[in-house]
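Please examine the sequence and the model below. The paragraphs that follow lead through its salt bridges, its cores, a helix and several backbone features.

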Amino acid sequence: MLMQRCFLIFAVLIISAWARPVVRTIRDTSQFDKLLEKHATETGLPVILDFYSDSCGPCRMIAPAFKKLAKEYEGRAVFAKVDVNRQHEISGRYGVRSMPTFVFIVEGKKVNEFSGAGEQQLRQFTEMAVNKAERENVKLEFDDLLQFYAQNDAMKDEAAVNTVYQKCVEATNKKRLKKNKKEECVGRPASEMARKLKKKYAMAPKTQKRFAPQPKSDEAKPSSTKASSGSSSSSSSSSSSAAAASPNLHLATKEDLLAEIERRLEAEMEAAEEDETDDDDDEMTKHAWVKGDFPERVTIIGAGPAGLSAAIYAARAGLTPVVVAPPLGGQLQGKGVDVENYPGLANMTGPGVVNNMREQAIQFGTKFQSEEVLSVDTSKRPILVQTNTTSIETHTVIVATGADSKWLGVKGEWELRGGGVSSCATCDGFLFKDEHVVVVGGGDTAMEDALVLARTSKLVTVVHRRDTFRASKTMAERVLNHPDIRVVWNATVKEINGAEISVEGGEDEGGVETRTVVSNVVITDVNSGADTTLDCAAVFVAIGHSPNTKFLEGVVDYNPEHKGYLLTSPPSTSTSVDGIFAAGDSADAIYRQAITSAGSGAAAALDAERFLSERGLGNEEAEFQAELLREMMGESEGKEEEGGYNAYADSANAGRGRKESSKVEKKEKVEEKVEKKIEDDENEHIEL
């Protein structure tokens with residue numbers, strides 16, 4: 001028995017140096033409830049929740065920003081992520097109907113939420129929650145209020161002051177459940193009372209912080225450094241402090257020790273997950289694009305099959321391409337079923353295919369800039385690609401931006417997005433487990449969505465405006481033969497209706513608020529014109545896509561026969577502007593397959609390589625360094641024009657060269673690099 005107890009104490013001590021990750025993973029409802037209760041009653045910190053799914057592209061896009069924000073607000077807010085596929089009860093509690101959804105909680109009550117991958121919105125709502133928590137971290141004691149009135153309004157006796165104080169107590173408890181009500185004046189009522197008294201008497205009563213400031217994780221870690229021996233008083237003091245801070249393990253029961261071990265092991269697991277995420281972040285940073293002194297040779301806009309195939313071909317040609325796109329991976333990234341029509345890729349989902357393509361592109365030297373492209377300026381050379389935060393000068397551009405989902409444009413569709421109307425079954429399907437859902441469409445995308453939803457939903461109804469599917473025979477047969485999928489032919493959606501439900505949230509007693517979610521859909525028979533109402537929990541729209549090319553309006557020509565698609569010059573991928581090429585669904589209005597997109601991406605890379613070769617646009621940085629080195633070594637046969645090297649000066653179709661001042665600055669930078677290299681080479685021959 002003694003041996004067992006000693007082992008338990010030893011185990012607790014071994015794992016005592018644990019640290020909470022900056023983003024915590026919610027494993028079950030019990031852990032979630034304890035988290036909210038702790039920070040509502042012990043720390044006062046707001047809790048920021050990220051409801052996500054591994055199959056959700058926008059969720060992956062916003063995850064790095066969420067973690068970055070968690071590090072920035074460490075000690076001021078608590079960040080946690082909830083996997084909706086595993087924590088269905090928690091998702092349902094807050095009425096989550098799309099992903100990602102962010103919920104902001106202060107004192108156990110929801111104060112805000114939004115859906116979507118909006119980094120600016122996430123930052124804004126986080127700041128609001130933190131400010132609210134800090135502003136309401138106030139406690140007003142009765143004795144302090146009594147002293148305040150004694151100094152400023154002696155006419156009020158203790159009974160009158162108590163009447164004022166009880167108003168604050170009542171206001172405090174109004175937002176609490178009955179079991180949590182206390183005789184205290186805290187939070188917003190306390191801060192409001194102090195503010196009003198200051199306005200009336202030109203000074204405020206003394207208030208206290210309700211909760212002590214929370215240390216950051218690195219500050220909370222126990223130190224393993226032992227104090228060196230010193231004076232007896234110092235040693236005694238240190239021992240006393242250590243004894244006070246250390247847990248009394250010898251007084252703990254066996255159950256207490258086991259519970260402590262379980263708690264700390266759970267924290268270790270969370271920290272290990274955080275370390276894995278850190279490794280992923282480091283890997284992404286390692287391959288991130290860094291602005292250089294010279295233009296890029298190939299910039300690829302888009303990171304789907306077309307963009308990544310172009311990156312692989314361009315990288316293998318030594319062009320070091322830059323892929324600029326949010327980390328969504330295109331339509332293929334959201335494909336939850338296996339990719340069966342891509343040769344050689346059996347038993348792989350869309351996200352798996354995209355991930356493999358990305359890793360292959362990285363292997364050959366591709367760099368990534370995870371931002372959205374806002375515009376492309378071809379008024380001068382090099383071409384200027386403008387993103388959210390930076391600009392990229394480049395000799396060639398490959399447009400591989402794919403397409404965005406089309407919408408029905410019917411009543412209720414826009415209002416109920418995030419409330420059951422979605423275009424991503426893989427992202428949001430699990431939120432409607434064991435419920436009836438509707439899929440609108442008749443192509444392969446609709447078939448895939450129906451099959452994905454049939455895994456978890458009680459019933460899937462496919463609504464199609466014709467009497468036959470446009471989808472491939474194999475996909476159509478699977479849908480028609482599935483026992484949990486039914487089809488309504490020759491019908492269109494007229495409107496989508498919603499109903500109010502109660503979900504957890506709000507600051508009133510009970511913490512309940514109402515939200516409007518999908519309740520039914522009205523469909524119209526195209527032959528008879530009769531309307532039918534289908535009760536359902538969600539509507540998934542899968543009626544096709546529109547090319548994502550709006551940022552090129554006024555820059556290149558569009559295909560007059562296919563709205564929104566870029567016009568190319570077959571058999572090449574060249575557009576109406578020299579140096580800009582188009583691949584994938586941005587130019588293909590006919591086939592729109594992952595494999596044809598990948599093929600056109602490879603073709604675009606080959607076209608870009610040929611364009612650069614014909615104009616003598618090689619590796620300018622390497623050529624410039626070589627030229628400068630020849631000058632410094634006295635091997636230069638003649639001087640170039642004043643101002644330095646300019647690739648466009650040697651090109652028959654040259655635009656204007658780079659600015660003289662820019663050239664001089666680059667020359668100075670390269671001279672420094674070359675001089676340092678020569679110095680390093682000389683130092684290698686010095687014998688020590």
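In this predicted model, Arg195 and Glu192 form a salt bridge in which the closest N and O atoms are 2.9 Å apart. The two residues are 3 places apart in helix 8 (residues 187-201), so about one helical turn separates them. Arg195 counts as partly exposed at 46% relative accessibility, and Glu192 also counts as partly exposed, at 27%.

Lys139 pairs with Glu141 in a salt bridge whose closest N and O atoms lie 3.5 Å apart. Here Lys139 is partly exposed at 25% relative accessibility, and Glu141 is partly exposed at 27%. A salt bridge also joins Arg615 to Glu614, with 3.5 Å between the closest N and O atoms. In this pair, Arg615 is buried, its relative accessible area being 14%, whereas Glu614 is exposed at 58%. Asp33, Glu89 and Arg93 are linked in a network of salt bridges. The total for the model is 14 salt bridges.

The interior comes next. In soluble globular proteins, nonpolar side chains tend to be buried together. The largest nonpolar core of this model has 46 residues, and Leu49, Phe51 and Tyr94 have the most contacts inside it. Helix 15 (residues 444-454) supplies the largest share of this core, 6 residues. Another core lies apart from it and has 32 residues, including Ala303, Leu319, Phe368 and Ala605.

Beyond its neighbours up to four places away in sequence, Phe51 touches a set of residues that includes Val82, Ile90, Tyr94, Met99 and Pro100. The peptide bond from Met99 to Pro100 is cis, with omega near -5°. Pro100 is located in the loop that connects helix 4 (88-93) to strand 4 (101-106). A cis peptide bond also runs from Pro570 to Pro571, with omega near 10°. Pro571 belongs to the loop between strand 23 (545-547) and strand 24 (580-582).

Strand 24 is also one of the elements against which the buried residues of helix 17 pack; the others are strand 8 (296-301), helix 12 (305-316) and strand 13 (391-399). Among the buried residues of helix 17 are Ser597, Ala605, Asp607, Phe611 and Leu612. How far apart are the end C-alpha atoms of helix 17? Helix 17 (residues 594-614) has 21 residues and should span 30 Å at 1.5 Å a residue; its end C-alpha atoms are 30 Å apart, so the two values agree. Gly616 follows helix 17 and has a positive phi, near 65°.

Most residues other than glycine have a negative phi, and most peptide bonds are trans. Glu107 has a positive phi of about 55° although it is not a glycine. Glu107 sits in the loop between strand 4 and strand 5 (109-115), and is partly exposed at 29% relative accessible area. Asn490, likewise not a glycine, has a positive phi near 50°; its place is the loop between strand 18 (485-488) and strand 19 (491-504).

Finally, strand 20 (residues 512-525) and strand 21 (residues 531-535) pair in the antiparallel sense over 5 bridges. Asn520 has Asp535 of strand 21 as its bridge partner. The hairpin of strand 20 and strand 21 has 5 residues between the strands, and Gly529 in this hairpin takes a positive phi near 80°.

Note on methods:
Residues numbered from 1 in each chain as written. Predicted model: local features only at pLDDT ≥ 70, side-chain atom pairs only at ≥ 80, totals over all residues. Heavy atoms only, no water. Core = buried A, V, L, I, M, F, W, Y, C linked by side-chain atoms within 4.5 Å. Buried < 20%, exposed > 50% of the residue type's maximum accessible area, 1.4 Å probe, protein only. Helix = DSSP H or I, 4+ residues; strand = E, 2+ residues; numbered from the N terminus. Contact = heavy atoms within 4.5 Å. Pairing = 2+ DSSP bridges. Expected span 1.5 Å × (residues − 1). Salt bridge = Lys/Arg side-chain N within 4 Å of Asp/Glu carboxyl O.
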